[in-house]
Amino acid sequence: MIRSVADRVYLDNAATTRISPEVIEAMLPWMTEQYGNPSSIHGHGRVVKSAIEQARKTVANLLNTSPAQIFFTSGGTEADNTAITCSIENYGLTHAITSPLEHHAVLHTLEYLAKAGKIKLSLVNIDEKGHVDLNHLEELLRTNPRSLVSLMHGNNEIGNLLDLNVVGDLCVQYNAIFHSDTVQTVGHLRHDLKQLKTHFIVGAAHKFNGPKGVGFLYVSGDAKIHPYIHGGAQERNMRGGTENVYGIVGLGKALEIAYRDMDSHRTHIEILKKRMIAGFKEKMDDVRFNGDCENLERSNYTVLNVSLPPSDISDMLLFNLDIAKISASGGSACSSGSEVGSHVLGALGVSPDRGNVRFSFGKYNTEADIDYAVNTVVEMYKTVTV
């Protein structure tokens, strides 16, 4: 059955999510009548400044930290770059540890700093499922104490989750600075920053049904860094530039909704993920799941990376899904349009001959969406040489 444009199935929520109507409603006044510059001392400016600070308090309360430790940015990439570059410069760090599976916002930043001669970069081993080898991490820290450790909480392509508590304890033991890219988990999993031993975490509003172009950086009370973007005294002298006011308001509202509804949405989305796993297993042979995404205990419930049998359509799989009005991804959306394959799947040794699709789920998806996607893929493979 061909679906209309209005009935497109959107299964690329790890790339971006549909903005919630409540968020749009909260943002609208700050796009229209409340137009003052938050740095202005007059009434127009004070009202807008107050809205930013209220959003900051909302984010801080939900993450169980102080508002003074939340800084608004243009998104996760800027927040990652700030945490990595500024901590290396301000602490005089000469060694960093990351994994080969990190988002390019982290990998490319560290590779740039290593190439510039500012740090030595070590890659921690991963196991066959894509989890960090914690014994090797400790070995690297034992050899190179006082390093920067940058490891993501939830992988954006395969969904694997990192135990932040275990890594945090190791970083304390070896006096390391710990940054975690938490873009895929903020708004989907709860973070208690008074308990976590992280120096930096990041969030991006569009990953949890908020607006694009706005995010935040959490800087722990133990961490002292200088600005990455210089200019005015905005964000308590930590980020120059006039604030994205309606984006910040939208981020605060989106995170509030995400926490309010998190339990029910998680239950709903886990049902969808299990349904897709069961559907592929029942209807296709030689279907695999990349990383550990099939394991709901060790992966983010929002991501499923499916590895389909080698076939004549492997290279055109996403294109054919798009024709069938299904939006999905072949890995990280940040690399969409690139001819270079997924560095994550490459590091895991996944065969380039197989068709690999990342389906990622959100609160607006339905069981009908899942059934349509599975059945569409099955029908495609019935018509080709495998």
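In this predicted model, D261 has a relative accessible area of 17% and is therefore buried, the limit for that class being under 20%. The side chain of D261 takes part in a salt bridge with R260, with an N to O distance of 3.0 Å.

In total, 20 salt bridges were counted in the model. One of them pairs D12 with R358, whose closest N and O atoms lie 3.0 Å apart. Because D12 belongs to the loop between β1 (9-10) and α1 (21-31) and R358 to strand β12 (residues 355-360), this pair ties together parts that are 346 residues apart in sequence. D12 is buried at 11% relative accessibility, and R358 is likewise buried at 1%.

A further salt bridge joins the side chains of D263 and R190 at 3.4 Å, N to O. Here the linked parts of the chain are distant, with D263 in helix α9 (residues 262-283) and R190 in the loop between β6 (177-180) and β7 (200-204), 73 residues apart. D263 is exposed, with a relative accessibility of 55%, while R190 is partly exposed at 45%. Salt bridges also connect K49, E53, R56 and E235 in a network.

R239 is located in the loop between α7 (234-237) and α8 (245-260). With a relative accessible area of 18%, R239 is buried. Its side chain forms a polar contact of 2.5 Å with the side chain of E78. When residues up to four places away in sequence are not counted, R239 touches F72, T73, S74, E78, I229 and Q234.

Definitions and conventions:
Residues numbered from 1 in each chain as written. Predicted model: local features only at pLDDT ≥ 70, side-chain atom pairs only at ≥ 80, totals over all residues. Heavy atoms only, no water. Helix = DSSP H or I, 4+ residues; strand = E, 2+ residues; numbered from the N terminus. Buried < 20%, exposed > 50% of the residue type's maximum accessible area, 1.4 Å probe, protein only. Polar contact = N/O pair within 3.5 Å; in protein donor to acceptor, adjacent residues only side chain to side chain. Contact = heavy atoms within 4.5 Å. Salt bridge = Lys/Arg side-chain N within 4 Å of Asp/Glu carboxyl O.
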